[in-house]
Amino acid sequence: MTTAWLWCSIYLACLLVTGWGVCSLILPNRSRIDFAGLAACLGPGILSLILIAFSMVGWGPSRSILLSVAFVWGMLGIVAHRNRGAGFTANAPALPGSTFSKIWIILCLAAVGYGIFIVGRNALFQPVIEGDAFQIWQLKTKVLATVPLKPRPAYFSDVTLSYSHLKYPILVPMLSAGVHAMTGDLNDELGKAPDLLLYLGMGATVFGAVLEFNCWSAAFAAAALLLTIPNFLAYAGVGMADTALAAFYACAIVSILRWQAERRLADLVAALFSTICMAWTKNEGMALAIINVLAIFLLTPQPLKMRQIRLAVLFALVLGAAILPWIVYTRDLPATDEDYAGRLRVAQLIAAGNRIPTVAQSMPGEIVDWRRWGIFWIAVLALQLINWRRLRNRSIATLWFLLILQILAYFPPYMVTTWDLGELLRYSQSRLLLHAAPAAALIVGLQLPRDTPKPVQTD
Amino acid sequence: MGSKNELPAVSANPSCDVHRFDAAIYLFLFLCICVAICLDVVGRYFRYQVQERENLYAQVDAMFRKGAWHGALYVHYVNFPQNKNWMARDLFTRGVYTLYPHSVLAGDPSVPTFSPDQFMAANFEPDPPWLFQHDIGSELTFTLQPDGLVDTYRRFVFSSTEDH
């Protein structure tokens with residue numbers, strides 16, 4: 001068991017080294033906390049995609065592949081840092097001096113500490129007990145850890161396992177399969193360990209963005225609010241894909257906001273990498289990826305300029321090319337589950353129009369469900385009502401645009417589902433809204449009052 | 001940030017550290033965080049029943065491990081009313097996960113089963129030739145009785161059958 005823990009720690013280090021290498025190459029001149037957040041999210045995402053690529057050519061995940069990939073990214077990171085100097089900037093505002101702010105920061109740190117303790121327990125010590133975790137994600141993990149994707153494993157054609165959604169994207173299962181490849185067995189608990197890294201990475205990404213756009217107190221508030229949502233504490237670390245999708249989405253949103261503000265290609269590349277990871281994580285991630293493309297196309301400061309149009313088109317093309325291998329790989333698999341993609345036809349949507357009110361009415365009920373959300377969504381709405389004038393701010397408008405489109409994107413699948421709609425809404429809606437939580441936390445963080453005066457920009 | 005996208009300062013006096021109204025907003029957020037943590041603590045003990053579920057699945061896992069032998073394992077359900085179809089399907093999915101890469105079947109492998117109702121409709125009591133044909137070495141029968149779930153096992157050696 002001690003050996004398994006040691007190898008698991010080495011695997012987590014490989015994920016971080018990969019993230020560090022990726023971020024060093026594409027994101028020079030970021031603050032350390034920013035860098036750490038993006039590295040903790042993009043590292044697992046990129047390493048999993050590389051493992052999937054290896055698996056698709058016949059090499060399943062193994063210690064040698066994992067260590068080699070991490071070594072290569074580590075070397076690339078070192079070269080990038082040497083060529084560009086230190087690579088970090090001190091663009092964070094000064095630490096607040098008031099007693100109020102200091103107490104606030106200590107309270108937030110305590111709250112975040114509680115979240116890390118709970119998610120750490122879920123991820124490292126608890127067996128897989130969540131239905132979706134062992135029926136879908138961790139079952140696929142065992143498949144991917146045992147056999148490569150080429151030749152295609154019998155699992156993908158086994159119609160008695162349709163309940164495990166044979167065509168679902170496999171980034172999270174491959175991420176967990178990496179643990180098993182490293183430890184050498186199909187250990188129940190440790191397969192969920194990367195979830196903890198993604199949970200921390202998501203918090204750090206939101207923290208870093210709010211710190212850069214606003215101040216320390218607001219950054220701690222946004223991170224603590226996000227990381228202590230009861231739903232996150234219940235689902236993070238249990239072996240499902242929701243935390244991963246929320247973490248990648250947080251990275252994508254933050255990168256899009258930075259690209260809007262500074263128009264640096266590096267941020268667009270970071271948004272692209274995060275969006276590719278989202279699309280490989282869940283079907284919902286594919287819908288969110290399309291929304292990201294729309295945001296990049298429509299919400300740039302000069303949307304009709306040829307350069308912006310070219311960038312948005314290039315973004316969409318690269319994204320499409322990146323998810324094409326999975327679409328090709330799964331196109332002839334038996335469609336025996338819900339097959340939402342096959343059902344999303346105009347005629348079918350029109351026929352199911354009478355379901356719209358049911359879905360629409362369930363949303364307010366979900367966001368005020370205090371047992372799942374506390375008063376998180378109420379705080380988001382209340383703060384926006386108080387600061388309604390700030391909707392004119394491009395960053396906040398973009399976040400609302402993403403949030404509203406995301407919620408609307410869930411309507412069509414609910415309309416065509418073969419499940420009992422009420423039962424499905426009760427079961428799934430709380431987890432779908434988890435993916436939107438980072439955007440909501442950013443909305444809160446960007447609107448909170450500053451604890452120190454804005455630093456004067458000298459350049 | 002560019003100047004067009006700058007967030008306006010909330011406090012009328014930016015040199016003042018925290019305005020009273022600003023402090024009230026932060027206190028409200030503190031309340032949010034406290035409520036969330038309290039709900040999680042309470043939910044962990046009363047709602048999620050983590051320990052109970054861990055114990056339950058440990059028992060189910062042990063049942064499946066006991067039933068697994070050479071070849072695939074067949075799971076048969078007896079006395080499950082329709083409103084317990086989901087429970088039967090959950091048991092099966094747990095078995096598939098626990099025993100992987102060992103195969104687990106609960107019906108004809110060519111029949112797709114997605115919903116619990118489809119799953120139970122496909123479940124039948126197989127005869128030894130069928131089991132032999134599908135390389136199934138053992139059978140686990142779950143019987144739902146008023147006092148709980150009863151598990152019984154049968155193992156097969158080639159074409160002969162031995163009950164135990």
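This is a predicted model: local features need pLDDT of at least 70, side-chain atom pairs count only at pLDDT 80 or more; totals for chains, interfaces and linings use all residues.
# Two chains in contact

Visitor: OK, and what area is buried between chain B and chain A?

Guide: About 5,700 Å² is buried between the two chains, and carbon and sulfur atoms give 68% of that area. Buried area here is the accessible area, taken with a 1.4 Å probe, that two parts lose on being put together, summed over both.

Visitor: Which residues in chain B lose the most area to chain A?

Guide: They are B:Tyr26, B:Tyr97 and B:Phe114, which together make up 15% of what the chain B side buries.

Visitor: Now chain A by itself. How many helices and strands has it got?

Guide: Chain A has 21 helices and zero strands, where helices (H or I, at least four residues) and strands (E, at least two) are DSSP runs numbered from the N terminus. The radius of gyration of chain A is 21 Å, close to the 23 Å that the globule rule gives for 459 residues, so chain A is as compact as a globular protein of that length. That radius is taken over C-alpha atoms, and the globule rule is 2.2 Å times the number of residues to the power 0.38.

Visitor: What share of the residues in chain A is buried?

Guide: Of the 459 residues in chain A, 61% are buried; buried means under 20% relative accessible area, exposed means over 50%, and partly exposed is in between (1.4 Å probe, protein chains only). Among contacts in chain A with a separation of 6 or more, 83% come from residues 24 or more positions apart.

Visitor: And how does chain B compare, what is its pattern along the sequence?

Guide: Chain B has five helices and five strands, and they follow the pattern α-α-β-α-β-α-α-β-β-β along the sequence. Buried residues account for 45% of its 164 residues, and 64% of the contacts in chain B between residues at least 6 apart in sequence join residues at least 24 apart.

Visitor: Let's zoom in on the contact. Is A:Lys142 buried or exposed?

Guide: A:Lys142 counts as buried because its relative accessibility is 8%, and its place is in helix H5 of chain A, residues 131-146.

Visitor: What is A:Lys142 in contact with?

Guide: If we leave aside neighbours within four places in sequence, A:Lys142 is in contact with A:Leu186, B:Tyr97, B:Thr98 and B:Tyr100. B:Tyr97 is also one of the residues in chain B that lose the most area to chain A.

Visitor: Where is A:Gln126 found?

Guide: A:Gln126 is found in the loop between helix H4 (99-124) and H5 of chain A, and at 4% relative accessibility it counts as buried. Apart from neighbours within four places in sequence, its contacts are A:Arg121, A:Glu189, A:Lys192, A:Val238, B:Val50 and B:Glu54. The C-alpha atoms of A:Gln126 and A:Leu190 are separated by 8.9 Å, although the two residues are 64 apart along the chain.

Visitor: New topic, the backbone. Which peptide bond from A:Lys150 is cis?

Guide: The bond from A:Lys150 to A:Pro151 is cis, with omega near -5 degrees, and A:Pro151 has its place in the loop between H5 and helix H6 (171-183) of chain A. In chain B, a cis peptide bond with omega of about 10 degrees joins B:Tyr100 and B:Pro101, and B:Pro101 lies in the loop between helix H3 (85-99) and strand E2 (104-105).

Visitor: Why point those out?  What do most peptide bonds look like?

Guide: Most peptide bonds are trans, and most residues other than glycine have a negative phi.

Visitor: What is the phi of B:Asn79?

Guide: B:Asn79 has a positive phi of about 70 degrees although it is not a glycine, and this residue sits in the loop between strand E1 (72-78) and H3 of chain B. B:Asn79 is exposed, since its relative accessible area is 55%.

Visitor: And where is the place of B:Asp135?

Guide: B:Asp135 is in the loop between helix H5 (128-133) and strand E3 (136-145) of chain B. Its phi is near 55 degrees, a positive value in a residue other than glycine, and B:Asp135 counts as exposed at 51% relative accessibility.

Methods: Residues are numbered from 1 along each chain as its sequence is written. Chains are lettered from A and ligands numbered from 1 in the order in which they are written. Side-chain values use heavy atoms; hydrogens and water are left out. Contact means heavy atoms within 4.5 Å.
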